[in-house]
Every structure is written in structure tokens, then in C-alpha cells.
Amino acid sequence: MPEPPVTGERLGPLIRMLRLRAGWTEDDLARALVADSGRTTITRTEVWRWEVEYEGRTTGPFWLPHLAHVLNVPLTRLKAARAASKAARRIGHIATATPTEVLSSLLPPGEPLAPCGTHAGRRIGLDDAEALLRRVHGLRLADDVLAGGDLVETCVRELRQAVNLFNQTSHTEVVGQRLLVAVAEMAQLAGWVATDTGGRVDPEPLFRLGASAARQAEDGALAAHLLGSWGYWTANTGNPRRGLELVRAAEAAAGTDAPLVARSLTAARLAWTSALAGDAQGALRAMGEAMEQITDAGPGEAADRLWLYWVDMPEQEVMEARVATQLHRPLRAVPLLRRALSGYDPTHVREYALYLSWLVTALLDANEAEEAAAQAHRMFEMAASVPSARAAERGDVVLAALRHHRRVPEIAEVLALWDAPPA
């Protein structure tokens, strides 16, 4: 089986690492490439340029098979790393910044990236609780541009510190309630990030903890967010019936007093889990409710709930398109996904790649194989720049769908690049 194309690994650093592992100098690698290829144009200077990606340059496709041979590495790994380097160059500085740099830029000013301090018994006030909530939101913004593999350790550590802050300090009931809200929000974020780590961290206990904290804080909308996230993940990992139960519990927890934006989010998750569970009519009904609620939501009605910042009409249209794709209704899905991608920030690489993956499968359903091939190549190239399990799993789904159309020349080219056995 091929190595997964989604690694987040850049080509220049990979070549350098493999060269050093072999105990070679840049001259040694250049001589090996000359001997393997019969071409005398490679020098140590060219190897250096490849390794540092000088002026954005990457190794040309001609040299990849020879590098694979002399460095004893699968060709598919080098191809994926080259795509990652090209994608990172296109999407700009956020994708090439380190996770620590991204986190430091998004956390509130004056609140450096370090665990929150706790002192048993010390009294804290509302300002401390609000500072913690701002910190949670900074990490939430980081999740837009970092994959789970880059963020999960920070989120789990911060959740542990938030729980300690609640348990090991003295505070008023009002402050305690805000701390519980912060714990619930941090648990939701940690759980969500954990779903993008390929099983490295189990999201379930994180979602369970967050739901308990939200209930203690008597925040029904937030409890619904935790239960809905939990159900969404459960359905996506092979248990749609259980996922549907959790999302229905989320709907009950939200009640009718929750902001329309929050209710729209829950309804969209109900639509998705219903589609996975095979209930087409229930999915369409729930999605219709979600779109009505997001349309009727007043501007700023949930401004005090920062965890809802990303739920808007374009985001719900993407979910509508996903539901339509799952139900094999490409005529509805394709225009929505094209519109969403036309205005989407490409620095949000993981989500951009995921949206492209849905567009590919919808285009295949619509018998638009050539365009599906072009979009699939973009998807794999973008996804190669982030270590995201979610994007990798969607990549596997797209590959499986493309294999049914391998007689189409354009699709055969995509499969040769991204689904070829290791050299």
C-alpha cells in the first residue's frame, strides 16, 4: 500500500534529513545523482538550493525517481513532500510559520504561550475568568490554520490548567460559572482538535468533560455544542446511529431559548448524521431548518458566544452541499461548493482541502470526471501541506471514488501521482 500523501512534510528538509541519515555531504548526493541519472548538471550548489528551497525552488519532477533510488525512499513520499512545498509557497506566511509562531500571534496580547499558573486556595475574580475565555478563543482561531497534529498537545495542556484553575482556587459563584464555561469551551476545542489526530488522542472523554461543565454552568447552547461535536465525530467514525442519538440529545439540550445561530449549527449536524444513518428525508428536513434559522438569525445575536464566530450562511451552505453530496444530489451540491470555494481563505488549508474533497465526489456523481480530476489534484496538493488526519481520511475516500473512473485519462494521471505503489 502507498504511504499516505498527507504528511505536512516539506521536500527540502526531507532531502536534507535523508542525506544526513545516509552520512553524505551535498557533494556525495550530487555525485550519486549524476551516476544514477547519467546527467552531469547536478552539483553540490544545486543540492543546497533544493534543501533550503532557495527562492522558492523545489526539485524538478525529473529528479524525484533518482532521489528516491539513491536515498532509498518511496517515490510517493517525495512527490507528496514536493506538493507540500509548492502549496506552502502559494498560501503564504501562515502556512510556513511554525505552530508556536501561529499560536503566539493569535493569543491575546500580554498573554504569552505558557500554562496558566495555579495556586491552591488563591482567590480569583471575573477578570481572571474572562482572560481564560480570551485565551480559549485565541487557540480556537489557531485551529483555523493549524492541523490537529500541531495543536492537540497545547489544547490538552490548557484544558488541564483550566480545570485546575476551577478546582484549586476560591471564587464567587458568578466567577465559578464563567470558569465552568471556559472549561467547557476548552474541552470542546480540545476534543475537536483530537478528532484530527488519527486516534492519537481520544476525543470522547474530552467531549464528556465539556458537556458536564456546560451543564453545571447551566448553559444549554454550549452543552448542545459539546454533544453535537461528540455526535458528529461518532457518526463520522463508523457509528452513525450513536452519533444521531448524541446530536438529538444536543437538540434537546439547546432548547428553544438558544440563539438561532446555535440552533442552526445543531440542526446542520442533525442533517449530516441523519444522512450518514441513511435517513434521507430526516436529513433534508433538518437541513431546511438549519438554513431557515441561519437566515432568520439577527446580526450580533450571539456576539457574547465567541465559539459561534464561524457559523454563518456560507458555512451552512457548505454543510448543505455535503449533505446533498452524501445523498447523491450533485446538482445541488456542486454550485454551493463552487461558490464557497470562490470566496474562501486559502490560508485555512485543511478546510479548503476538505471542501475540495466534497466538490470532487460531487463532480464524479455528476459525471464531470475531467473537472473532478483537476480539483482532486488541487485537493491532494493543498492537503499535503498540513498534518491533518481528517484531510487524510477524506483523501482516502476521494481515491476510492476516483478508482471507479480510472479509464478517464485525467483521473488516471491523478491516481498515478497520488495512488501509485511505492517505488
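The largest pocket has a volume of about 1,300 Å³. The model is predicted: local features need pLDDT of at least 70, side-chain atom pairs count only at pLDDT 80 or more, and totals for chains, interfaces and linings use all residues. Residues are numbered from 1 along each chain as its sequence is written, and side-chain values use heavy atoms, with hydrogens and water left out.

A pocket is defined on a 1 Å grid over the protein atoms alone, as an open set of points where a 1.4 Å probe fits, with protein on both sides within 12 Å along at least five of seven lines. Its volume is the space filled by probe spheres set on the points, which are joined across faces, edges and corners. Lining residues have an atom within 4 Å of a point.

The largest pocket is lined by 49 residues. Trp192, Tyr232, Arg322, Glu351 and Arg390 lie nearest its centre. The lining comprises 23 nonpolar, 12 polar and 14 charged residues. Here Ala, Val, Leu, Ile, Met, Phe, Trp, Tyr, Cys and Pro count as nonpolar, Asp, Glu, Lys and Arg as charged, and the others, Gly among them, as polar. Helix 16 gives the largest share of the lining, 7 residues. Helices are DSSP runs (H or I, at least four residues), numbered from the N terminus.

Helix 12 (residues 220-236) and helix 14 (residues 260-276) also pack together. Their axes come within 10 Å and cross at roughly 20 degrees. Axes are lines fitted to C-alpha atoms over the stretch in contact, and angles run from 0 to 180 degrees between N-to-C directions. Helix 12 and helix 14 are therefore roughly parallel (under 35 degrees). Contact means heavy atoms within 4.5 Å. By class, this contact has 8 nonpolar, 7 polar and 1 charged residues.

Helix 14 also packs against helix 15 (residues 280-296), at an angle of about 160 degrees and with the axes 8 Å apart. These two helices are therefore roughly antiparallel (over 145 degrees). The crossing of helix 14 and helix 15 is left-handed. The contact includes Ala267, Ala268 and Ala271 of helix 14 and Ala283, Ala286 and Ala290 of helix 15. Its residues divide into 12 nonpolar, 4 polar and 2 charged.

Technical notes:
Angles under 35 degrees count as roughly parallel, over 145 as roughly antiparallel, 65 to 115 as roughly perpendicular and the rest as oblique. A crossing is left-handed if the near helix is turned anticlockwise from the far one by less than a right angle, and right-handed if clockwise.
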